[in-house]
Amino acid sequence: DGVVVSEKVKSNNLDVKIPESEAEEKGAEEERPRESDSNILDVSSDYPRDKHISIQRHLADLEKLADLREDEKKPCPLCPEEKFKACYSHKLHRHLQNLHWKVSVEFEGYRMCICHLSCRPVKPNLVGDQTLAKMGAHYHCIICSATIVRRTDMIGHINRHVNKGETESRFITARAPKSSYEVVKESATDVQVLPNHSTPQKTDSYFNPKMKLNRQLIFCALAVLAGERKPIECLDAFGATGIMGLQWAKHLRSSVKVTINDCNENSVTMIKENCHLNKMKVKLNIKEEDDETVGDGEENSDTIEVTKMDANVIMHLRSFDFIHLDPFGTSVNYLDSAFRNVRNLGIVSLTSTDISSLYAKAQHVALRHYGCNIVRTEYYKELAARIVIAAVTRAAARCNKGIEVLLAVALEHFVLVVVRVLRGPTPADDSAKKVRYLIHCQWCEERVFQKEGNMVEENPYQQLPCDCHGSMPGKTAVLLGPLWSGALFNTGFLRRMLLEAVQYGLDEAQPLLKTLVCEAECTTLKHFSTHGPGDENKQEECGVYIKTSNTSAEPYLVHGKRKSEEVLRGAAKRQRAEHSAEHPPFYYNIHRHSIKGMNMPKLNKFLNYLSEAGYRVSRTHFDPMGVRTNAPLAQFKTVLMKYSTPTYVGAQAEGPVHLPGEIQVGEEVPAVAEIKVEEAELAEDGKAGVAATVFTQSYPTRCAAD
């Protein structure tokens, strides 16, 4: 009886006395760290042991709190006296069942009933007088200490806990099992992911299986760079699960020093666990003086450095040879930091997933993020790639660096750009000059880059090959950009990427790389061939491959991170001479420019027709029905019209009907009976003579046979 009351349980707004000795034991238990914290995402360990009174398993448990008696009036335990006055048992039973139990939220056998007590935080009124308690209804979360007003919001709140693996209740001491994680395997690399790994807004460790092709392309680019010089320091600035950095370290071994960074603590914890899952050592420090803890050789090949920093901070603090940026959305916020300390002849790759703005669905967002004015065109995917490269060029030029575009891919879910960094004001100026505006005709969709120079032209429509401005009223063209006007591919780099893809068995990347090589050379796939090492001197890159005087000799690699200005300048001159005929910009969609009432030729045949007409032509990965060619749109339509065949409207079910001189063996023509029926119908109208004339002119071979 001499027990002193030390504290009260405030969570349920009831005065429950707790002995002082038990309170001290309870405080000691809360101060002790919980075991196996690495098995689950961080959940606050200072939860009270007692659950809120609104969380019960059965309705009978809720009625026990009210202590129902037939001869006495009892208040509702979940409502204040001002809202629900004390009443007899039968009325209180209906109140608990209808108002609290039926609108509850269920989770693992427990019901979170609606609560009307003043549990929510009290806000001061506008006058600043004493605070007034709100009597609004709310729910108490069974996992955390949050109070949610709406039932739908409470359901979503619980689902987010489940998706993150936080299934431990406040009053349950057992932690969620580690089996809540899923193990995903990709390219011989295992990673643990959460159940909602494909929903970036609701998870800390985003993993998208649809981006496997993107990861393979980046790996091939890094493998090519690792063949030029080793070891190279590479950074995965947005690690998430760490899948990309793990693939780099696992396959390239001692050629790379991998650093995986993420600003989220839960993601960093998962990256460490995934490193141990793949039998990789983890290096946690990032200070310069601590770099000596990891040596060269086999110890370095199995070690991955994991950092928890903002991506801009780590790229400002350290220098890297290879940087990959893959944020959620646009990457323009990280370009200045990426080019600040990247080493000369290093590579920066970035994946942009803000396709709604890049693909001209949200044009105002593209203007805000990239400073570009765009409209929806038939070549919108290539337009998106050139928008990103223009932003990269401006960011590199601000750091006195130029770029060489090695690869630009725009698919359904992402836009991938890989560039090589060239230090110095001269390469920066040369790259900045390639950022121009595009004149786009809105009638025929003809397009041309604006000429260099600052002089204002009297009639800019003269630069367009089409004559829509003269034949159509009003303004027919729009100015798009600024955009990158240079090449989107480097053929030599792509061929070496293809060799790396074959070597490491990356099956998904090989067909795309073959298409990119053909697109870079502007040739068809049937002329594609993987040349030997002795022919690689025909494909030259700035500061990487240098063409020797003997054309049959093998090219040699320029090792090291910095070379003399003479070597770079000579390589750039030879590259300009070698690639004077780079691939033409943009492409035409054959379906967009088809002629009504005509059957188009097959796409591969049409490519041969354009090639026979003397134009460079190839297919493009941007559009499966796109044709990349240097032919003007007028000539494109002329060739398409020449080899298209007319469709006979009256007999579509029997197949197309060609002109008299183009009827070939085996092609279907309208039956004689149907022709005679049509002739008889015309004769009834008094037009038999005209019908006979039309019949004779249309089918002379059939008339001769008859």
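Q: Which residues does T620 touch, not counting residues up to four places away in sequence?
A: In this predicted model, T620 touches T515, E519, Y587, G626, V627 and R628, once residues up to four places away in sequence are left out. One of these partners, E519, is also joined to T620 through the side chains, by a polar contact of 2.6 Å.

Q: How many helices and strands does the chain have, and what share of its residues is buried?
A: The secondary structure comes to 23 helices and 27 strands, and among the 706 residues of the chain, 47% are buried. Another way to read the fold is to take the contacts with a separation of 6 or more, of which 64% are made by residues 24 or more positions apart.

Q: How should I read the packing of two helices, and at what angle do helix 2 and helix 3 pack?
A: Two packed helices are described by the angle between their axes and by the distance between those axes. Here, helix 2 (residues 59–66) packs against helix 3 (residues 89–101) at an angle of about 125°, and their axes are 11 Å apart. Helix 2 and helix 3 are therefore oblique to each other, and helix 2 passes helix 3 in a right-handed crossing.

Q: Which residues of helix 2 and helix 3 meet?
A: From helix 2 come L59, L62, E63 and A66, and these meet L92, H93, L96, Q97, H100 and W101 of helix 3.

Q: What are the angle and the axis distance for helix 5 and helix 16?
A: Helix 5 and helix 16 (residues 491–503) pack with their axes 9 Å apart, at an angle of about 105°. Angles of 65 to 115 degrees count as roughly perpendicular, which makes helix 5 roughly perpendicular to helix 16. On the helix 5 side, L217, C220, A221, A223, V224 and E228 take part, and they meet F493, R496, M497, E500 and A501 in helix 16.

Q: At roughly what angle do helix 5 and helix 17 cross, and which residues make the contact?
A: The axes of helix 5 and helix 17 come within 10 Å and cross at roughly 65°. The contact is made by L213, Q216 and L217 of helix 5 together with A509, L512 and L513 of helix 17. As for handedness, helix 5 passes helix 17 in a right-handed crossing.

Q: What should I look for in the backbone itself, and which kind of peptide bond joins K230 to P231?
A: Most residues other than glycine have a negative phi, and most peptide bonds are trans. The peptide bond from K230 to P231 is cis, with omega near -5°, and P231 sits in the loop between helix 5 (212–228) and strand 10 (232–236). A cis peptide bond also joins G481 and P482, where omega is about 10°; P482 lies in strand 20 (residues 477–484).

Q: What is the phi of E445, and what is the phi of C522?
A: E445 is a residue other than glycine with a positive phi, near 65°, and this residue is found in the loop between strand 18 (435–441) and strand 19 (447–449). With 12% relative accessibility, E445 counts as buried. C522, likewise a residue other than glycine, has a positive phi near 55°, and its place is in the loop between helix 17 (509–521) and strand 21 (545–546). C522 is buried, with a relative accessible area of 7%.

Q: Where is V268 placed, and which residues does V268 touch beyond four places away in sequence?
A: V268 is part of helix 7 (residues 265–277) and, at 6% relative accessibility, counts as buried. Leaving out residues up to four places away in sequence, V268 touches D262, V306, T307 and K308. Its C-alpha atom is separated by 8.1 Å from that of G239, although V268 and G239 are 29 residues apart along the chain.

Q: Which residues does the UniProt annotation "domain: C2H2-type" cover?
A: According to the unreviewed UniProt entry, the annotation "domain: C2H2-type" covers residues 141–161. In the model, this span is 52% helix and 10% strand, and its end C-alpha atoms lie 10 Å apart.

Note on methods: Residues are numbered from 1 along each chain as its sequence is written. This is a predicted model: local features need pLDDT of at least 70, side-chain atom pairs count only at pLDDT 80 or more; totals for chains, interfaces and linings use all residues. Side-chain values use heavy atoms; hydrogens and water are left out. UniProt positions are given in the numbering used here, feature names are shortened, and annotations may be inferred rather than shown by experiment. Helices (H or I, at least four residues) and strands (E, at least two) are DSSP runs, numbered from the N terminus. A polar contact is a pair of N or O atoms within 3.5 Å; within protein, one must be able to donate a hydrogen and the other to accept it, and residues adjacent in sequence count only if both atoms are side-chain atoms. Contact means heavy atoms within 4.5 Å. Axes are lines fitted to C-alpha atoms, for helices over the stretch in contact, and angles run from 0 to 180 degrees between N-to-C directions. Angles under 35 degrees count as roughly parallel, over 145 as roughly antiparallel, 65 to 115 as roughly perpendicular and the rest as oblique. A crossing is left-handed if the near helix is turned anticlockwise from the far one by less than a right angle, and right-handed if clockwise. Buried means under 20% relative accessible area, exposed over 50%, partly exposed in between (1.4 Å probe, protein chains only).
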